[in-house]
Amino acid sequence: MPINLNAPSIYFGVDNFHGIQPRAIIGSFIYLLPLEKNNVNFIGNLIRLVSTFAWLFFIHLQLGRSIFSTKLKHIELNKAILYLALGFIFAASSTSYLSFSSSGIIDAFPSSIIALVVTSEYLIGSKNQWPFKVFIISGLLVLATWAHEKTLYDIAILFVWFSYRWGLKRSSLYFLPGLFLSLALIVRMAHKVTSGETPAGYLAILSSGVEFFWIHAFSISGAAIGGGALWGIYWLASSKLIRTTKSSWDYWTAVFSIFLMLVICFLPLLVALDTSRLCALIWLPALLVLKEINPTELFSSTTRKWVLLALCILQALIPPMLVYQKGIAPFNCYGLWLGQFLPPRSEVDIRSLGLFVLSTHTRPDYTDFFINQCPKK
């Protein structure tokens, strides 16, 4: 998938030094740098690209902690293969290709911050609950929300999981301040917009109830593309976690937490259209549950190894693309080739597409950068 570091983005031209603006964190950082005008896009896109690799780094760091022993003297082949397979599934997920510079999507930066919070779980798990820890985590959560309002859903997932993992009291201590400050920030920016809708506009969409969700936002095919093989990883890891509970209370709290995190993954579709981008949120609960179990035991049987191989192949077959309004906008030649088998959006009514069928959007702003590099028919 081609990366154009000189692609322009509306986020690079706004900053918080001229008034509080949503999604203006990258622009604020650029504003502080003594840059010539023609270097602004390059630096902004570089930040997004580095954020994607930072997100992947924190995920792979956590996978390494879960799979390999802390007293590692030699690497076992089966563990190394497992690490590479799980790492590939995360690396090839929708969240990774949000760094595609022509897409104008800024999600990689807040996702990297959330992944950092997950990696810093030892701050929450340790017994010494000094206020500086709360300050650090709250600050990171507010920063991520300032980068994109949808981070509220990430915070909600973190709160649910850590309430299960460490108890409601400790989870409230670390996440409720950040959640409260994030909500206060969004209220402060309620009628301001950088791209998309204002926070108040999203709230107005929510008033339409599930009609917007079913007709405009949700499609099973789009959700499958967004979550990819991570849906399977989440199901397998969750099943393992539930089976290993030691009491009836642990069993039902695990079931409730796993179900609630799954529901939160779909809640963004009540107010926004980007099905694949929003369903890609499944990376977070999948990583959290994988942290709790032993991945090596999960994939110890021959059958599970074949399942993991099938999930890797499935993930490899999913092209990088944005799915919105039950249609696709491809990010590379492979996605463009697959799109030719789907009906053009101009020829279909969105209400007639149902939950499985997708159409193709005409998005020259996405495809012009790579279409001339694609093999001709």
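A salt bridge is a side-chain nitrogen of Lys or Arg within 4 Å of a carboxyl oxygen of Asp or Glu. The exercises below apply this to a predicted model, in which a search of the whole structure finds eight salt bridges.

**Exercise 1.** Find which residues are linked with Arg277 in a network of salt bridges, and describe the pairs that Arg277 forms.

Solution. 
1. Arg277 pairs with Asp107, and their closest N and O atoms are 2.7 Å apart.
2. This pair links distant parts of the chain: Arg277 is in helix α14 (residues 275-279), Asp107 in the loop between α3 (77-91) and α4 (108-119), and the two are 170 residues apart.
3. Arg277 also forms a salt bridge with Asp274, where the closest N and O atoms are 2.9 Å apart.
4. The network consists of Asp107, Lys150, Asp274 and Arg277, linked by salt bridges.

**Exercise 2.** Decide whether Arg277, Asp107 and Asp274 are buried or exposed.

Solution. 
1. The cut-off for buried is under 20% relative accessible area, and for exposed over 50%.
2. Arg277 and Asp107 are both buried.

**Exercise 3.** Examine the salt bridge between Lys79 and Glu76, and classify each residue by accessibility.

Solution. 
1. The closest N and O atoms of Lys79 and Glu76 are 4.0 Å apart.
2. Lys79 has a relative accessible area of 18%, so Lys79 is buried.
3. Glu76 has a relative accessibility of 36%, so Glu76 counts as partly exposed.

Note on methods:
Residues are numbered from 1 along each chain as its sequence is written. This is a predicted model: local features need pLDDT of at least 70, side-chain atom pairs count only at pLDDT 80 or more; totals for chains, interfaces and linings use all residues. Side-chain values use heavy atoms; hydrogens and water are left out. Buried means under 20% relative accessible area, exposed over 50%, partly exposed in between (1.4 Å probe, protein chains only). Helices (H or I, at least four residues) and strands (E, at least two) are DSSP runs, numbered from the N terminus.
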